[in-house]
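Please look over the model first.

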Amino acid sequence: MATATNYIILHGRDITAIIETPADEAPIWRYWGPRLADGVTPGPLLRDTRPLPSFSLDHDQPLSLFPTFGVGWFGQSALLAHRGGRDYAQAATRCTTDWITPGRAVRFTLSDAIAKIAVTLDLALDPASDVLTLSTRLTNQGDAPLDVQWLAAGTVPLPPHAHQVQSFSGRHNNEFVPIIEPLSRSLWRRENRRGLTSHDCFPGAVVLADGAAYGAQLAWSGNHAQCIEWLDDGQYQWQMGEWLAPGEMLLAPGESRHSPDMLATCSRHGTNGVAQNFHAAIRAAMDWPEGRMKPRPVHLNTWEGFYFDHDINALKQLSDAASEIGIERYVLDDGWFHGRHDDTSSLGDWWPDAGKYPDGLAPLADHVTALGMEFGLWVEPEMINPDSALYRAHPEWALQIAGRPLLTARNQLVLDMSQPGVSDYLFDHIAALLDSLPIAYLKWDHNRDLTTAGATPRYRTQVEATYALLARLRAAFPHVEIEACAGGGGRIDAGIIRHTHRFWTSDCIDAVSRVAIQRGFLQFMPPEIMGSHVGTSPAHSTGRSQSMTFRAGVALSGHLGVELDARQVTGEDRATLAHWIGLYKQLRDQLHYGQLWLGAADDHLVWQAHGSAEELLLLVYRLDPSSQRHLPAIRLDMLDPDRHYAITRIDRPDPTVHGFPTAPALDAMRTADGLELAGDWLRAVGLPMPPMKAEQVALFKVSAR
Ligand code: GLA
C-alpha cells in the first residue's frame, strides 16, 4: 500500500480536488467536490480498495484526468487521434507533477513513448472564486502528422449521486432556454457546430447532486462539445472541449495545440453557489480600462428606435432627449457606414456614409460628448456583404470552398480572419475611426453562423484571429470598452469576455421573455456585463406590451440601457423612465459588485437578490396572475439567522396600475423605518409579498439592523 505522498490535494474556500499521481500513467481522479478537512487524504490508493470484477481486464483502469483508449479505458477518451490509422490508442507511460503555484496550480506532464505524444494538463484552483481552471496542451512527438478528432480541455468526475443536468438551448431572440434532463446510464452530450458560441447551445451546464451542485463552462467562442458519461464505478465523467471538424487539428511533427480553458466549480449552496463562483471567476478574468470597472453607464442604443434610418438631425435630437433622462453613453448602431441603408449591403466598408454624414461622424459624436455622454459605435468586423466595396476588391477574403455555393445569412458572408491582410484591413479601418473620433465604446457584432470555414476547416483559427484582433485593438486603444454581440446572445462565453466588457444578451427586449433569458445568463455570468435595455411597447420581437415600470424593473439589474426613440417617450412614461434611470444610478454599485441569488416562489413569482447578507436588494417579478388568495412568502435563506432586518419597499408604484388591497405590514415597508423581521424568520418562513398584477415588479431593500 502506498502512502499519502502519492496525492495532489487542492483546497479552495469550499471545494477540494484530490488526485492520485502514479509515475507511469495519467493522474487518477480521487475527489472533486465540497471541501474536505485540511490534512485529509484518501488513505489507500484507489486500486487497493477495489477487487477486480468478473469479466474485466486484469488491470483496473479508473477515471484519470486524461482517460485514453490505450490503457484499457472503455469510456469516452479525452483524446481521439491517429497517424494514418496508426497510433490511435494512446496511453501515458510517464507522468511528472510540478507545482506552478504551491497548493493552487499544478501541471502534469504526460508522455506516451509508444504513440509519441506529450500532453500537459494544467489545473489551477482559485480559492477566491472556487473555480478550477483546466486546460490541455497536446504535442505531436512523432515524425508524421497527428490527426486529432477530439481533445478534451478537461475531464472532471461527478459523484454517483449526481442526478440532473441543466443545460441551455435557444435561438435568436430566445436565448438560454433551460433543458433539464436526468442523468442516467445513457451518454449525455451537447454539441455546437455553428462556428461561434451560438444561441442554440451555451457551452456549459450545471449538474445537481445530493447536497451539492456542480457547474462547468468552456471559455471559447467557437464550436464545442461536452458529454457526461456514467462509469463502471457509478460516478460520472464530464468532458468539455472544442468540437473539431474533420482535419481541423492536424498537428505536424513537433507541433502543439492548447485547448481552451474549462472552468469548473462546485458548491454546497446549489445553483446559486455555482453562479456566485462563476461570477467571481469572470470578474477576475476581465480586463477593464485602467484596471477597474467603473460604474456601468446607462446606454442609449439607436437600433430599435431608428434601425437604418440615420438622419443626423434626428440623431442629435435623440441625444438631447437621452441626456435629459439621464443617459450616459450613446451608442450609434448599424446604418452609419458607407452605403448601409438596409441589411443587404456594405459590411466591410467601415467609413461613414457620405450621404447621411457629409462631414463624417464627428458632428454627431461631438454633439453627444458635449452633452456629457460617451459616444459608442457599432461594428461587425468579421463580416462582408457580397455587395460591398470590400468584396469587389477582395472576394477571396470571404471564407469559401471553391465550387460550393456561397451560403449567405442576412445577405452576408464571413471574412477569413486568419488572413493577415484581413485582420490588418480591419485593424486599420477601426483604428482610423478610433483615432479620429471621441469613441469610448464599440459594439462588436457577428450576425450569422459559420457554415464552411474555408477550404480547410478554420473554425478554430477564426476564433483565435478574432481574439487577436480584439487584443490588438485593446492594446492600441486601452480606454475603449467593447461589447460582444452576435445577433444578441450568440457569443456569450467566458473566452470572449477576456477581451470585452459587456454582452448584448438578446435581441429580444420583451421584458417577460427577458426575465427567463437573464436568469439563464446569470447562472454563468455576473449582472454588470449583462446588457439589459428598456425597449418599446409593444416589443418589436414578440408584439407583447408591458408597462414602462415593468420594462425598467426587468432591465434594472443588468447593465442598463434604453433602446427606443427617447424623443417619443413623453408624459408619465418619460417620468417613470427617468425615475428608474435615477434609481439605477443609486443602486448600481449594490447591483453589480456583490453576490447574486436567484429564486422562485410558487404562484408565478420569481426573484433575484443582489448584495450580501448585510444588505440585499430584492427584485420580485410576477409574470402571470396569481392563483392563490394569500400569496406565498419569499424565503431568503442567505440572511444571517441571528440578525434582524429592516425591509423597505423602494420601487415607485406603477402609475398605470390601480386598486391594490393592502395591509399594515405591507404599508410599514413603505415607511422610512421599514418592517422589521428576524433573519431566521425570513430564512424559514419568508417575507410577505404584496399583491401584484401580472407583469409587475416589486423592489425591496433588506438591511441588517
Ligand atoms: C444584431 C444586433 C442588434 C443590432 C443589429 C444591427 O441583430 O443584435 O442589436 O445591432 O444586429 O444590424
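A polar backbone atom of G488 sits 2.9 Å from an oxygen atom of the ligand. The protein buries 97% of the 310 Å² that the ligand exposes when taken alone. Accessible areas come from the Shrake-Rupley method with a 1.4 Å probe, and for residues only the protein chains shown count as cover. This is a predicted model: local features need pLDDT of at least 70, side-chain atom pairs count only at pLDDT 80 or more, and totals for chains, interfaces and linings use all residues. Residues are numbered from 1 along each chain as its sequence is written, and side-chain values use heavy atoms, with hydrogens and water left out.

**Ligand site**

- Around the ligand there are 13 residues, of which D333, D334, R410, K443 and D507 come nearest (a residue is near if one of its heavy atoms lies within 4 Å).
- The side chain of D333 has an N or O atom 2.6 Å from an oxygen atom of the ligand.
- W378 places a polar side-chain atom 3.0 Å from an oxygen atom of the ligand.
- The shell around the ligand has six charged, four nonpolar and three polar residues.
- Ala, Val, Leu, Ile, Met, Phe, Trp, Tyr, Cys and Pro count as nonpolar, Asp, Glu, Lys and Arg as charged, and the others, Gly among them, as polar.

**Largest pocket**

- The largest pocket holds about 880 Å³ of space (a volume is the space filled by probe spheres set on the grid points, which are joined across faces, edges and corners).
- A pocket is an open set of points on a 1 Å grid over the protein atoms alone, where a 1.4 Å probe fits, with protein on both sides within 12 Å along at least five of seven lines.
- Its lining has 34 residues, and T271, N272, G273, Q523 and L598 lie nearest the centre (lining residues have an atom within 4 Å of a point).
- Helix α1 gives the largest share of this lining, nine residues (helices are DSSP runs of H or I with at least four residues, strands are runs of E with at least two, numbered from the N terminus).
- The lining divides into 14 nonpolar, 14 polar and six charged residues.

**Two single residues**

- S169 is in strand β10.
- S169 counts as partly exposed because its relative accessibility is 21% (buried is under 20%, exposed over 50%, partly exposed in between, with a 1.4 Å probe and protein chains only).
- D122 lies in strand β7 and is buried, at 17% relative accessible area.

Technical notes. Polar contact = N/O pair within 3.5 Å; in protein donor to acceptor, adjacent residues only side chain to side chain.
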